[in-house]
Structure formats: C-alpha cells, structure tokens
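Hi everyone, thanks for coming. I'd like to walk you through one structure today, so please have a look at the screen.

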Amino acid sequence: MRVKELTRTNDIVRMSFLRALLSDAGIAFDVFDSNMNIAEGGNALLLAPRLMVASEDYDRARRLLRDAGVDDA
C-alpha cells in the first residue's frame, strides 16, 4: 500500500485533533517519525511527526481537513 503525507506538525494538540478527525471519518492513518523529534532534540523543521494516509484516501482526507478549517497544514 502506498501512503502520502497529509501533514506534519510538532503541535501535539493539533496532531491529536487531526487523528480524531480521521478516525471519526473512518480514514486509516499512521504517524511517522513521532519519536524522532525527541531523539534529535526537537528540531521542529526537520523532524516533525508526519501524518500519513493511504494514497487512495488522500483526497478525501484533504477535503475533511479543509471542511474542518484546518487545511493549512
């Protein structure tokens, strides 16, 4: 299965909200690099956790974020 990056953020509240949106919509996701930020000293620009979705769910997920007013990610 191919995946695409939906967004990346070091804001744990935002990430939690985005994960809840996707879960409620039935869109499977994974978070890549969630432990790298801690391991590398918190370099926000390079190692922010990435919220990933299946390629076939990407457009639907983007619409969901846009409709929720959080598509600036």
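Predicted model: local features only at pLDDT ≥ 70, side-chain atom pairs only at ≥ 80, totals over all residues.

The protein has four helices and three strands, and from the N terminus the order of elements is β-α-β-α-α-β-α. Of its 73 residues, 32% count as buried. The exposed surface comes to about 4,700 Å², with carbon and sulfur atoms supplying 49% of it.

Now, helix 1. This helix covers residues 12–25, which is 14 residues. From first C-alpha to last it reaches 20 Å, close to the 20 Å expected at 1.5 Å a residue.

So which residues of helix 1 are buried? They are M15, L18, L21 and L22. These residues sit on the same side of helix 1, because they cover an arc of only 125 degrees around the axis. And what do the buried residues pack against? Their partners are strand 1 (3–8), strand 2 (29–32), strand 3 (50–54) and helix 4 (58–67). Turn to the face pointing away from the buried side, and you'll find the exposed residues I12, V13 and D24.

Let's finish with the two ends. At the start of helix 1, a side-chain oxygen of D11 comes to within 3.0 Å of the backbone nitrogen of V13. Just after the helix, G26 adopts a positive phi of about 75 degrees.

Thanks, and I'm happy to chat about any of this!

Definitions and conventions:
Residues numbered from 1 in each chain as written. Heavy atoms only, no water. Helix = DSSP H or I, 4+ residues; strand = E, 2+ residues; numbered from the N terminus. Expected span 1.5 Å × (residues − 1). Buried < 20%, exposed > 50% of the residue type's maximum accessible area, 1.4 Å probe, protein only. Arc of directions from axis to C-beta. Contact = heavy atoms within 4.5 Å. Polar contact = N/O pair within 3.5 Å; in protein donor to acceptor, adjacent residues only side chain to side chain. Areas by Shrake-Rupley, 256 points an atom, 1.4 Å probe, with all protein chains shown as cover.
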